[in-house]
Amino acid sequence: MAIPRLRDLDGPAVLSYGFRPFFLLGSLYAGLSILIWVLLYAGALEMGTLFLPVDWHVHEMLFGYLSAIIAGFLLTAVPNWTGRLPVQGGPLLGLVALWLAGRFAVFLSASLGWWLTALVDSAFLAAVALAVAREIVAGQNWRNLKVLVPLAVLLSANVLFHVEAHVQGVSDLSRRLGIAAAIALIMLIGGRIIPSFTRKWLVRENPGRLPAPFGRYDAVSIAVSVLALASWTLAPELVLSAVLLAAAATLQALRLARWAGDRTVRDPLVLVLHLAYAFIPLGLLLLSLAILAPDTVPVGAGMHALGGGAIGAMTLSVMVRATLGHTGRAVEAGGGAVFIFAAVFIAALLRILAAFDPQMVWIHAAGSAWALAFLGFAVIYGGALLRPRI
């Protein structure tokens, strides 16, 4: 007998699958928090948080928005990997409550104190890691245990972020560690889903050259890239880090070229995955150049290429595809999807430009485009996330 995909749920549809609440809340938070950040950056707003404004922005993008999307993705993907039923109903609501508690704790940290804030904020990623580990072990899906490594590193980076902000007044190693963990997760999971979705579409719509299957090259490129990110995290001014980052950028660019993305122009849902991944070699290269020529290339260019480009665009593209597929809708990009994809790429490119030319006009434009992308997702797909599968 086929394994049922869902239990009978006596409750709202939004709690029937992990992607529903976390994609909706994550997209709303991504859009609204960036608007708050623009006001903070301009000095037009103050908040009751212990973090410096830039630290609040970095923290909430990495450990607020991104943690929600990772949770939504993994709580949806793991049942497909293991054949087990998804976390839903009360347990899912508990995870949502933990995530919301973390956001309020960080926002009100000046009143709560740093250690209580750190405890509340870190509880969410710890709970997600435990839930994912339990399902993978129960399903004996041992090969996917590796996703817990970058998840554990992200959790560690979050804890370290609070400690650094308290002890030295500003985050340092922790923000690099958080970005490194996120990029490692994208290289791992993106290396699975991008060739897979590309192959399926090409076989059906454009027969010919297909993506190269995962092999030794992929394993080497990931290993070198992880090594480069680790070196940059620990020694961001070391020439060896620059050399490793440049090597990783080259390997990741070639890896992307092996996936036949140039043949997917007719399908925005597939093409956007390739374009989003392209920000990984771009970001790694910019980080390398920032070490070798710091007076010419600012480190913020590379960090925003990885953060706004690779993380932002990749998560948004996965959110759209997963929402369409898991709510019973046609997996194809309409005008709304194309609009928000264009907005997130414009936001990333403008923010990279702003690193070179830090004028408020570029910051405002990038923030506005980012808000349009993620609030646009909530408007276009919010109904599908809230209603039962059709």
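Predicted model: local features only at pLDDT ≥ 70, side-chain atom pairs only at ≥ 80, totals over all residues.
Two packed helices are described by the angle between their axes and the distance between the axes. Helix H7 spans residues 173-205, and helix H10 spans residues 268-277. Their axes lie 10 Å apart and meet at an angle of about 150°. Angles over 145 degrees count as roughly antiparallel, and H7 and H10 are therefore roughly antiparallel to each other. The crossing of H7 past H10 is left-handed. H7 contributes Ile 186, Met 187, Ile 194, Phe 197, Thr 198 and Trp 201 to the contact. H10 contributes Val 270, Leu 273, His 274 and Tyr 277. Eight of these contact residues are nonpolar and two are polar. None is charged.

Helix H1 comprises 23 residues, 19-41. From first C-alpha to last, H1 reaches 31 Å. This is close to the 33 Å expected at 1.5 Å a residue. Just after H1, Gly 43 adopts a positive phi of about 75°.

Most residues other than glycine have a negative phi. Gln 140 has a positive phi, near 50°. Gln 140 sits in the loop between helix H5 (114-138) and helix H6 (148-167). Its relative accessibility is 58%, so Gln 140 counts as exposed. Ala 260 also has a positive phi, near 60°. The loop that holds Ala 260 runs between helix H9 (239-257) and H10. Ala 260 is buried, because its relative accessible area is 0%.

Methods:
Residues numbered from 1 in each chain as written. Heavy atoms only, no water. Axes fitted to C-alpha atoms, helices over the stretch in contact; angles between N-to-C directions. Helix = DSSP H or I, 4+ residues; strand = E, 2+ residues; numbered from the N terminus. Parallel < 35°, antiparallel > 145°, perpendicular 65-115°, else oblique. Left-handed = near helix turned anticlockwise from the far one by under 90°. Contact = heavy atoms within 4.5 Å. Nonpolar A, V, L, I, M, F, W, Y, C, P; charged D, E, K, R; others polar. Expected span 1.5 Å × (residues − 1). Buried < 20%, exposed > 50% of the residue type's maximum accessible area, 1.4 Å probe, protein only.
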